[in-house]
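Have the 3D view ready and follow along.

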Amino acid sequence: MIANILYRFVGNRLSPAGPQARLSILIYHRVLAERDPIFPNEPTVATFNAQLGRLKQVFTVLPLSEAVTHLKTGTLPARAACITFDDGYADNLTLATPILKKHGLHATFFIATAYLDGGRMFNDTVIEAIRRSSLHTLNLDDLGLGQFDIAGVEAKALAIGHLLPQVKYLPVAQRESTVARIAELAACGALPDDLMLTTQQLQQLHAAGMEIGGHTALHPILAKLDAEAARKEIAAGKDYLENALGNRVRLFAYPNGKPGVDYLPEQAAIVRALGFDAAVSTQWGAANQTSDVFQLPRFTPWAASRYRFVPQLLQNLRYKYTATIPQAG
Ligand SMILES: [Zn+2]
């Protein structure tokens, strides 16, 4: 395809092989069996398949651990890219992995270990409660969150979009009690307990050749914790994974991941001290040789149109932000 020749040409200018290379790291969370009307932009199996097909025609996809080594030594190939998944959804194994394997591509999966084996992340409690609710209005006045129209798919999507940012920054215990109360008030009945991987599925993902990385246990906002609590959360996730996999866990992803908001340089120092090799944020952009490998930027491909997928990745290579290696002292 002529477009791919052009894309590779542009990609070579923005991300040549060697010391001037830039590393694109993609973030995914879930791959769905079919389109979710509440989250129409969440990739389906078909979208993910099409994206990987396009990605590998323009980018050189490699495992993140390998890419970090090449980034440090100035030996990345041109147009280098890595694929990552956050949180530990079961569909990462059941739906995403077969497509990755079909394309011969590698991905790294960052797992919040407290939700393995039947757990549910706070965001999914809100999403699934509102999805299942047959109420017209959700009254959350007793939580100080107001009232939401939840009649119909669009209203549900808006209500979820308003609620999640307010719940996300609560301390973990309050976050859990708040979402449990939202589910109660939504009168939604039983919520799914099979959204996340089981430990056995996690082992299968690892056995399939994929890399497993840390993402804490409970997925707290690390910037809100004191040093000891942050260290415990990061270490608990790492220890669980290393016991389950019998293998050193080398990579870490900060929950929520915005530098200066969700994690601070103090927590990046803890990640380094705990023996990880590198860590990723959710700051957009692409890493270069001066980037702090404990704060590598990542990019969520959000394009509604599949024709925009590669152009967006090329645009992301031009993004200027990158956290640089902190000076000693
Ligand atoms: Zn996460």
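A residue counts as buried here if 20 or more other C-beta atoms lie within 10 Å of its own. Keep in mind that you're looking at a predicted model.

Which of its residues are buried? In H2 they are Phe48, Gln51, Leu52, Arg54, Leu55 and Val58. And what covers them? The cover includes helices H1 (2-14), H4 (91-102) and H11 (309-317), along with strands E2 (60-61) and E3 (80-87).

Now hop over to H4, one of the elements in that cover. To describe two packed helices, we use the angle between their axes and the distance between the axes. H4 packs with helix H8 (residues 199-207) at an angle of about 25°, and their axes are 9 Å apart. Angles under 35 degrees count as roughly parallel, so H4 and H8 are roughly parallel to each other. Their crossing is left-handed. On the H4 side you'll find Asn92, Leu93 and Thr97, which meet Gln201, Gln204 and Leu205 in H8. The residues of this contact divide into two nonpolar, four polar and no charged.

Last stop: helix H9 (residues 227-245) and helix H10 (residues 265-273), whose axes come within 10 Å and cross at roughly 45°. That makes H9 oblique to H10. H9 passes H10 in a right-handed crossing. Ala227, Ala230, Arg231 and Ile234 of H9 make the contact with Glu266, Gln267, Ile270 and Val271 of H10. Here the residues divide into five nonpolar, one polar and two charged.

Note on methods
Residues are numbered from 1 along each chain as its sequence is written. This is a predicted model: local features need pLDDT of at least 70, side-chain atom pairs count only at pLDDT 80 or more; totals for chains, interfaces and linings use all residues. A residue is buried if 20 or more other C-beta atoms lie within 10 Å of its own, exposed if 12 or fewer, and partly exposed in between; C-beta atoms are placed from the backbone. Helices (H or I, at least four residues) and strands (E, at least two) are DSSP runs, numbered from the N terminus. Two residues are in contact if their C-beta atoms, placed from the backbone, lie within 7 Å. Axes are lines fitted to C-alpha atoms, for helices over the stretch in contact, and angles run from 0 to 180 degrees between N-to-C directions. Angles under 35 degrees count as roughly parallel, over 145 as roughly antiparallel, 65 to 115 as roughly perpendicular and the rest as oblique. A crossing is left-handed if the near helix is turned anticlockwise from the far one by less than a right angle, and right-handed if clockwise. Ala, Val, Leu, Ile, Met, Phe, Trp, Tyr, Cys and Pro count as nonpolar, Asp, Glu, Lys and Arg as charged, and the others, Gly among them, as polar.
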